[in-house]
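Dear colleague,

I am handing over the structure below and would be glad if you could look through it with my notes beside you. They follow directly after it.

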Amino acid sequence: MRRVWGLALSAALLAGVADAKTVAVTADRLLDPASGRYVDQPMVVIVDGKVASVGKAGDAPPAGAERVDLPGVTLLPGLIDMHVHLTSVASIGGYNYLEYSDAFWTAVATRHAKDTLEAGFTTVRNVGSEFYADVGLREAIDGGYIPGPRIVSAAYALGATGGHCDSTFFPPSMAEKSPYTIDSPDEARAKVRQAKKFGAQVIKICATGGVFSRGVSVGAQQLTLDEMKAVADEAHMAGMKVAAHAHGAAGIKDAIRAGIDTIEHVSLVDDEGIRLAKERGTWFAMDIYNTDYTQAEGKKNGVLEANLAKDREVGEVQREGFRKSLKAGVRHVFATDAGIYPHGDNAKQLAVMVRYGATPLQAIQAATVNAAEALGKANEVGQVAPGRFGDMVGVKGDPLADVTVLEKPVFVMKGGEVVKRQP
């Protein structure tokens, strides 16, 4: 084991990182989500922010290593949420957002990023924000200016004129329109290129109507198959993944046929949609927790009654679709729509997933190894293994017996740096 550590340190030196920071983390056990097995009394050695080895706590740590000893703690890989909106505030709904300046949303996103990280989510995919705010937020976090998770940013979402991704709250006299509307395959290709040019790392489209837009049916398809295929082809050519907001059955199926990588919400999926997703290996990203919050708090927060009615319409149907698709063998990732509920409460969805048919391990896998694979970053995040980032979350108790322990992490580490540590 000393030879392994020595080789890792030598490699860092040869790479020109003569002052590479070395951290040795010990705990009672470490969960490997890929196998579902625990490693007892682990010692995780992290060199320059990445895992160098996973040994035993009784082994001698590398010379000069910083020690982080966590007795009574179970470690897991840092969690991944595949659907967040860091620039959204759950308590500001409906027309209430007009009280605030454009820059307000970027400012509060810095707090949301911190809350998300301290909740144990070390990687998130931000699927939609205005003014490229999530791109700037990512740059500030990566530069070390503010704390936050690793962000895969989408910037503006692409959608049809008058659709869920357009601006639908204003009369014609105000001529409000999203700069990323697409109404033909050619426009779709052009907007993908533009989004990438200005910092998007993933493309988000709105294939159907939505719950919190005005004047649209939640399930109605809004982009054609050809438009969605143009987005997927252009994004994939550029090495980017695509996420499709899709509530209605027809839009879900066309998004799958178009080659979209992850289908978001999936509220009204039918048997054919489940079959297509399983056959093609498409990921479902189903936000089955947030209805609990929106139905309890939405009216107080200013959400329009018409939107709350749509929320009630799809809530339980979506959850049963989750149960059915999971049982059928469709691949699932953890995705919550954070911003619809308060940031930092992301882990509350794990218990809802278990309530609707997932085992605790399946729920954890959705937020670790599955999400990492869907992001195309399986060699970077999702596991505590050599070569991955030193991202970990620690809890008291057994998450395979009670997944709710992940709602109150006592330890969070990102890239070998301690973010949160309770006695």
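Asp337 is buried, with a relative accessible area of 9%, where buried means under 20% relative accessible area, exposed means over 50%, and partly exposed lies in between (1.4 Å probe, protein chains only). Asp337 is found in the loop between strand 13 (331-333) and helix 10 (348-355), and its phi is near 70°, a positive value in a residue other than glycine. Helices (H or I, at least four residues) and strands (E, at least two) are DSSP runs, numbered from the N terminus.

Please keep in mind that this is a predicted model, in which local features need pLDDT of at least 70 and side-chain atom pairs count only at pLDDT 80 or more, whereas totals for chains, interfaces and linings use all residues. Residues are numbered from 1 along each chain as its sequence is written, and side-chain values use heavy atoms, with hydrogens and water left out.

A positive phi, of about 55°, is also found at Tyr132, which is not a glycine. Tyr132 is in the loop between strand 7 and helix 3, and it is partly exposed, with a relative accessible area of 23%.

Helix 3 is mostly covered, seven of its ten residues being buried, namely Ala133, Asp134, Val135, Leu137, Arg138, Ala140 and Ile141. These buried residues pack against helix 2, strand 7, strand 8 and strand 15 (411-414), contact meaning heavy atoms within 4.5 Å. After helix 3 comes Gly144, with a positive phi near 80°.

Helix 2 (residues 102-118) packs against helix 3 at an angle of about 50°, with the two axes 10 Å apart. The two helices are therefore oblique to each other, given that angles under 35 degrees count as roughly parallel, over 145 as roughly antiparallel, 65 to 115 as roughly perpendicular and the rest as oblique. On the helix 2 side, Thr106, Ala109, Thr110 and Ala113 meet Ala133, Leu137 and Ile141 of helix 3.

Strand 6 is joined to strand 7 (residues 121-126) by four bridges, and the bridge partner of Asp81 in strand 7 is Val124.

Finally, Thr282 sits in the loop between helix 7 (271-280) and strand 12 (283-285) and is buried, with a relative accessible area of 4%. Leaving aside residues up to four places away in sequence, Thr282 touches Ile256, Ile260, Asp261, Ile263, Ala277, Val330 and Arg331. The C-alpha atoms of Thr282 and Lys253, which are 29 residues apart along the chain, are separated by 11 Å.

With best regards

Definitions and conventions. Pairing = 2+ DSSP bridges. Axes fitted to C-alpha atoms, helices over the stretch in contact; angles between N-to-C directions.
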